[in-house]
Amino acid sequence: MVIAVVALHKTTNLVDSLERRFYDVASTSSSRQPSDRIAVIAIDDQSIANIGRWPWTRDVHAKLIDQLAAAKAKTIVHTTFFFEPQVDRGLVFIKKMKDVLAGAPADAGAGSAGTQEQLSKVISEAEIALDSDAILATSLKNAGNVLLPSFFTLGEPQGKPDNPLPAFALKSALDEGSGYSLQSVRSQQPIDSLGNVASGIAHLNQIQDVDGAVRQEPLLVNYYGKAVPSLALLAAAKSLNLTAADIKLNTGDSVQIGKLRIKTDESALMLPQFYKDRDGKPAFAVDSFYDVLTGKIPASKYSDKIVIIGATAVGVGTLFPVPGHPGLSPAQTIAHITS
């Protein structure tokens with residue numbers, strides 16, 4: 001019988017498939033209750049229908065962050081990738097007009113000095129209003145508790161990196177040279193203006209099994225000796241009033257934040273607890289971005305909570321099957337893992 005089992009394991013996927021099924025059942029059969037300190041705000045179909053086509057201008061995200069910050073949300077986790085600048089086409093011409101006006105004499109074509117001053121003021125106001133990256137950066141800085149995602153191309157490095165991690169990403173990274181984390185070869189980071197004012201930068205890489213399901217969380221991704229924590233790990237640390245510097249690596253065994261010890265395998269992969277829906281309600285309530293933005297759902301609901309913002313709308317978000325659920329967005333998955 002032992003020989004038969006070994007043969008099946010070597011020649012088929014039966015044993016691995018049974019192991020995955022067992023984990024799916026075990027993970028969702030626990031009596032553990034999901035944390036009531038975690039909330040999800042979804043960029044859903046209703047939000048797209050009312051606010052407009054994706055991607056939105058970044059002042060929309062800024063307004064929601066301002067509301068959550070005013071309501072004293074504990075930590076805000078935004079899962080949208082802000083890898084490219086978002087420049088309104090009109091901003092280019094505003095800047096050109098501003099340059100021309102700055103170089104023109106007071107009596108050249110624009111009328112009186114008073115008229116020039118008024119025109120200059122209008123142009124400056126337009127420049128500010130059209131620079132949505134700057135508006136979002138101001139909101140991130142004022143909030144002081146927003147985590148943004150980075151993304152890594154996994155693989156074994158063969159040489160030196162094309163680019164080192166930016167200084168703002170290094171603030172959330174740990175030195176790690178023992179191989180206790182998934183290796184990566186390339187990274188994508190938020191634009192500098194946003195990364196520099198975010199409370200932390202963490203990776204949003206999700207590992208899928210052969211059947212497409214997400215069952216493991218890479219707590220750390222290693223970029224040429226720098227271990228970057230996952231969004232869920234950094235969110236948990238922040239919620240305990242800790243920073244990346246307080247994350248301790250017990251190589252090959254566990255990751256520790258404060259007194260919380262998280263068991264892992266030798267690559268810092270953890271097996272998360274997933275929570276089943278109960279009484280027809282999801283483990284974590286998902287509120288519409290639009291409802292919160294317009295005040296239909298008061299921002300005070302999120303006081304002292306970890307608020308995870310992410311896309312669920314058709315054509316915008318990607319859903320991954322996880323134990324107990326046919327498909328969850330990254331934001332919802334992070335809620336389960338953080339809990």
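Student: Tyr275 and Phe284, buried or exposed?
Tutor: Tyr275 is buried, and Phe284 is too. Buried means under 20% relative accessible area, exposed means over 50%, and partly exposed is in between, with a 1.4 Å probe and protein chains only. Bear in mind that this is a predicted model: local features need pLDDT of at least 70, side-chain atom pairs count only at pLDDT 80 or more, and totals for chains, interfaces and linings use all residues. Residues are numbered from 1 along each chain as its sequence is written, and side-chain values use heavy atoms, with hydrogens and water left out.

Student: How many aromatic pairs are there in the whole structure?
Tutor: A search finds 7. Rings of Phe, Tyr and Trp (its six-membered ring) pair if their centres lie within 6.5 Å; planes under 30 degrees apart are stacked, over 60 edge-to-face, and the rest tilted.

Student: What about Phe81 and Phe151?
Tutor: Their ring centres are 6.2 Å apart and the planes sit at 75°, so that pair is edge-to-face. Phe81 is in the loop between strand 2 (75–78) and helix 5 (89–103), while Phe151 is in strand 3 (residues 146–154), so the pair links parts of the chain 70 residues apart. Helices (H or I, at least four residues) and strands (E, at least two) are DSSP runs, numbered from the N terminus. Phe81 is partly exposed at 35% relative accessibility, and Phe151 is partly exposed at 30%.

Student: OK, cores. Which residues touch the most other members of the largest one?
Tutor: Ile41, Leu68, Phe289 and Ile309, out of 40 residues in that nonpolar core. Such a core is a set of buried Ala, Val, Leu, Ile, Met, Phe, Trp, Tyr and Cys residues joined through side-chain atoms within 4.5 Å.

Student: And which helix gives the most to this core?
Tutor: Helix 4, with 5 residues. There's also a second, separate core of 34 residues, which includes Tyr180, Leu233, Ala244 and Ala335.

Student: Switching to helix 10: how many of its residues are buried?
Tutor: 9 of its 9, over residues 231–239. Lys238 and Ser239 are among them. Just after helix 10, Asn241 takes a positive phi of about 60°.
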